[in-house]
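Hi there,

Here is the structure we talked about passing along. Have a look at it first, and then read on for what turned up.

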2 protein chains.
Amino acid sequence: MTVSMKREEIMAAKENFKLEEILSGIRPVDSQWLEKARERTAQLVMPARALGRLHEISERLCGIQKTLRPAVQRKAILVMAGDHGVVAEGVSAYPQEVTGAMIQTFLSGGAGINSISRYVGADVWVVDMGIIPELDPAAMDGGERLLVRKVARGTANFVQGPAMSRPEAEQAILTGFRTATALLRQGVELLGTGDMGIGNTTPSAAVGAVLTGTDLDRMVGKGTGVDNEGLRRKQDVVRRGIQRNRPDRKDGLDVLCKVGGFEIGGIAGSILAAALHGRPVVIDGFISTAGALVAHALCPTVADYLFAGHCSEELGHRAMLQYLQLDPILDLGMRLGEGTGAALAMSIVEAAVRVFKEVLTFEEAGVAGKEA
Amino acid sequence: MTVSMKREEIMAAKENFKLEEILSGIRPVDSQWLEKARERTAQLVMPARALGRLHEISERLCGIQKTLRPAVQRKAILVMAGDHGVVAEGVSAYPQEVTGAMIQTFLSGGAGINSISRYVGADVWVVDMGIIPELDPAAMDGGERLLVRKVARGTANFVQGPAMSRPEAEQAILTGFRTATALLRQGVELLGTGDMGIGNTTPSAAVGAVLTGTDLDRMVGKGTGVDNEGLRRKQDVVRRGIQRNRPDRKDGLDVLCKVGGFEIGGIAGSILAAALHGRPVVIDGFISTAGALVAHALCPTVADYLFAGHCSEELGHRAMLQYLQLDPILDLGMRLGEGTGAALAMSIVEAAVRVFKEVLTFEEAGVAGKEA
């Protein structure tokens, strides 16, 4: 089910949130509702916990939504887009113009994320967090799904200094927070994160290496497909960026500002919004999980609200997920981004909820239980 | 999308198929269509093969259906049910009456398979391949979805002799074949297999051990939840059954007859039907894969048409899948059977097809490709 919501309504949301208030307002998931949900699962007419992960998913949704009737029909994918100064170092196999061109493809409905989102019944919203071109939603086919909230026209090249200023990093997070909050307030029950930005596996690898403490040779991967020489160059770029900027891994905002990206900040902010407002959020792959790491560095409790949609083929993703103690729902060798892994996993999340709500109990079905 | 089809029409299908003719009629998947499908994937507006397994799935469907417009909207799950004489040995945690009671639950729509099938848009058909009770579809709520095609009222206890006669084994396979053929002729585009039968992990483990050559301590698992003592007893029962009957692993029919079950034969037959008629079939977990092993022993080419819905939590399932060289789509710690893993995986299969058919090419999207 998709949500009828106008671009203007989302853009109009102007509440002032302060980062400190957001972080201090996030509460752990309710363990009493988790316990009640486990009791309900135990009554379903099947051997104990025979649907494995589906039970864990539905129970956590009960805890998050504080109900035994969790609802995930109304879904939205927020595709956060940004450009990256570090592409000047030759870290991507694609030209930078592709960021803007792909946004047009998202708006026209012709990309992978559109196809999968239509199938699972999720709305796709594209947020210009800081791409280089100036897009005019009013002049574009499908522009009613584009939210222009640029922090700046691309980040700076982080091998030469910070990717962005500290106020820009905070602005990126608050922009993501505000956008997601508007969607949640309008009835979105299940949020998914996505990304677009040529070069963005490079800052994501830097964020992942710093925040998880993982070696670069296990964190920097081939992205959209650089060759072996490109991979060595990319590792070197990440190493130099970290050495030059010395991000403080205890300070998520500092890491985002030194070696991150605007879309990574937007994703972090949307995760904070889901956690503060008590809604589940399915994260996509490598870039989304870099955003989750930033959110987690700011407030570890956000992990209670996170579902890892899939494990990406991108080298460092598994290490990121392990650090966050997230078990991915799918593992299909995907590495597209856009939110495709999050959207696809929403089908499993919805199936889990339906089983939880629809399956009869042993008593209702009149079926004998396990023999004593 | 579900298929409007009457029970009477399926029951009325009386064509005479001979097993030898079926086996000799099955052809490998068309490699030219596979190649054409790969060419189409390469044009999609995303990095090369960035959706991993989704591409493999959609391309194989193109090969199976001999088209670049594969269709999987019309789906059906065939839940094959049977009872097992070997439960007299104390191999199950549940009483035998549960087989019939669960069939009533399937027909009423209240079981796990119903919930997941509704979500993915699959019809559920229950086939009484040989349960002990005599159910009257006309007198049952939801009976229009029950096909009574009993081979016998439960198998014999295979620790004392063959589970069934060789003609019964052949009848089980041909019954599964005929039932699936009727569904496919009426327009089902994607078939899923499922099972119900208290005790049926025991014959499935025996079939798996014989046909894959796997040790019993890696093939016999806890089923619906026997304790450690029950597990030792179950291993002993399987060992004695194999020793007593000496099934010939080169002869799938002999293995089915000596240590199998009627629903396992029905599943094998439905897989042969999909392969002969050139349609894809998603298999569920441990019992369905035992059926697939029987079909594969009769005709190895069936593997071309098989999709492994998931990897079950049941101990020996991974070894079975490895033997068949099938990579499971999902791995969610499920072990319910009924067809739940097959039905859930259908959502991934459909998403794969939609991506293949809907996503624009680089040219259509006007997006620049990889830099030279």
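How many residues does the contact take from chain A and from chain B? Chain A gives 54 residues to the contact, and chain B gives 54 residues as well. Please keep in mind that this is a predicted model.

The area buried between the two chains comes to about 4500 Å², and carbon and sulfur atoms give 65% of that area. On the side of chain A, three residues stand out: A:Tyr94, A:Tyr119 and A:Leu332 supply 15% of the area that chain A buries against chain B, more than any other three residues.

Next, the polar side of the interface. There are 21 residue pairs in polar contact across the interface of chain A and chain B. The elements of chain A that give two or more residues to the side touching chain B are α4 (53-65), α5 (98-108), α6 (112-120), α14 (340-358) and α15 (362-365). Of the side of chain A that touches chain B, the largest share comes from α14(A), with ten residues. Sorted by class, that side of chain A holds 32 nonpolar, 13 polar and nine charged residues.

Charged partners also meet here, with two salt bridges found across the interface of chain A and chain B. In one salt bridge, the side chain of B:Arg118 meets that of A:Glu358 at 2.8 Å, N to O.

How do the copies relate to each other?

One last item concerns aromatic rings. Over all chains, the count comes to two aromatic pairs. The ring centres of A:Phe17 and A:Phe177 lie 4.5 Å apart with their planes at 70°, so this pair is edge-to-face. The pair links distant parts of the chain, 160 residues apart: A:Phe17 sits in the loop between α1 (7-12) and α2 (19-25) of chain A, and A:Phe177 in helix α7 (residues 166-185) of chain A.

Best wishes

Conventions:
Residues are numbered from 1 along each chain as its sequence is written. Chains are lettered from A and ligands numbered from 1 in the order in which they are written. This is a predicted model: local features need pLDDT of at least 70, side-chain atom pairs count only at pLDDT 80 or more; totals for chains, interfaces and linings use all residues. Side-chain values use heavy atoms; hydrogens and water are left out. Contact means heavy atoms within 4.5 Å. Buried area is the accessible area (1.4 Å probe) that two parts lose on being put together, summed over both. A salt bridge is a side-chain nitrogen of Lys or Arg within 4 Å of a carboxyl oxygen of Asp or Glu. A polar contact is a pair of N or O atoms within 3.5 Å; within protein, one must be able to donate a hydrogen and the other to accept it, and residues adjacent in sequence count only if both atoms are side-chain atoms. Helices (H or I, at least four residues) and strands (E, at least two) are DSSP runs, numbered from the N terminus. Ala, Val, Leu, Ile, Met, Phe, Trp, Tyr, Cys and Pro count as nonpolar, Asp, Glu, Lys and Arg as charged, and the others, Gly among them, as polar. Rings of Phe, Tyr and Trp (its six-membered ring) pair if their centres lie within 6.5 Å; planes under 30 degrees apart count as stacked, over 60 as edge-to-face and the rest as tilted.
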